[in-house]
Amino acid sequence: MNATVSGLRPVAPPDPARPDAGLVLASLWHTEGPERQRKVMSGVMDAWEATRLPAAYLSRHCLAGSDGRTILNFAQWTTSEAHRTFAADPRNQQTLGSAVQALYSAGPPGRYAPHRLAARHGGAARGFTATWHDTEDAGAARSLADELAGRDTAAPAECFYVAENGRQLLVLAGFEDEPGGAELWFRPFRGLVRPMGREVSPLS
């Protein structure tokens, strides 16, 4: 039995570059409008806060889409194996799984391994964009990440994650100011974080 985490803190902004995270889980949910968006995010985080979480759990965040409907779910664990063990436990399926499914009928999230961080200049992120690229394999995903990391972009920092099956690259970009414009972006809504030994600024 894994030891449960003590001292979990409610923290709104995620730290996409957290160095102890070996697994990132990410997915998009689509709701009917702002009221439902808030209700789902609040309910999901309430359910996670009420659950006994293993020491391998690092963080979970809900981020609100600028369209008032979309939710970006973002979670970090120390290892993929630890998360699979937690998710396969019937007790967690009956309690946490049932609570989440009652709010939103969702399939399993995408599973990613952190690949690299492109930090261009400092500052805490207030808004994020998430982009998925389909790739042939893990090598192609890593090559694409390295190519994108060297391009000229307004994002102060970007984190690149390669899907466990190698068929997708996720790029999470953080902005010091809310991006605005027509492109869908995400504002941190609520999170539950296991503190590290030292403070780490988002996308530091």
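1. A140 is partly exposed, at a relative accessible area of 30%. (Buried means under 20% relative accessible area, exposed over 50%, partly exposed in between, with a 1.4 Å probe and protein chains only.) A140 is found in helix α4, residues 138-149. Helices (H or I, at least four residues) and strands (E, at least two) are DSSP runs, numbered from the N terminus.

2. Basis of the values. This is a predicted model, where local features need pLDDT of at least 70, side-chain atom pairs count only at pLDDT 80 or more, and totals for chains, interfaces and linings use all residues. Residues are numbered from 1 along each chain as its sequence is written, and side-chain values use heavy atoms, leaving out hydrogens and water.

3. Helix α1. At 1.5 Å a residue, its 16 residues should span 22 Å. The end C-alpha atoms of α1 are 22 Å apart, which agrees. (The expected span is 1.5 Å times one less than the number of residues.) Buried in α1 are Q37, V40, M41, G43, V44, M45, A47 and W48. These residues pack against β1, β2 (57-65), β3, α2, α3 and β8. Contact here means heavy atoms within 4.5 Å.

4. Helix α3, residues 90-103. The 14 residues should span 20 Å, and the end C-alpha atoms are 19 Å apart, which agrees.

5. Salt bridges. The count comes to 10. The rule asks for a side-chain nitrogen of Lys or Arg within 4 Å of a carboxyl oxygen of Asp or Glu. D89 pairs with R91, the closest N and O atoms being 2.8 Å apart. D89 is buried, with a relative accessible area of 19%. D46, E49 and R190 are linked in a network of salt bridges.

6. Which residue meets the side chain of E164 in a salt bridge? The partner is R111, at 3.0 Å, N to O. The pair links distant parts of the chain, 53 residues apart: E164 is in the loop between β6 (157-163) and β7 (168-175), R111 in strand β4 (residues 110-119). E164 is partly exposed at 38% relative accessible area, whereas R111 counts as buried at 16%.

7. R126 and D177 also form a salt bridge, with the closest N and O atoms 3.9 Å apart. This pair too links distant parts of the chain, 51 residues apart: R126 is in the loop between β4 and β5 (127-134), D177 in the loop between β7 and β8 (186-193). R126 is partly exposed, at 47% relative accessible area. D177 is exposed, at 54%.

8. The largest pocket holds about 580 Å³ of space. Of its 23 lining residues, W48, H83, V100, P108 and P109 are the closest to the centre. β1, β3 (70-77), α2 and α3 each give two or more residues to the lining. Which element gives the most? α3 does, with 6 residues. (On a 1 Å grid over the protein atoms alone, a pocket is an open set of points where a 1.4 Å probe fits, with protein on both sides within 12 Å along at least five of seven lines; lining residues have an atom within 4 Å of a point.) Grid points are joined across faces, edges and corners, and the volume is the space filled by probe spheres set on the points.
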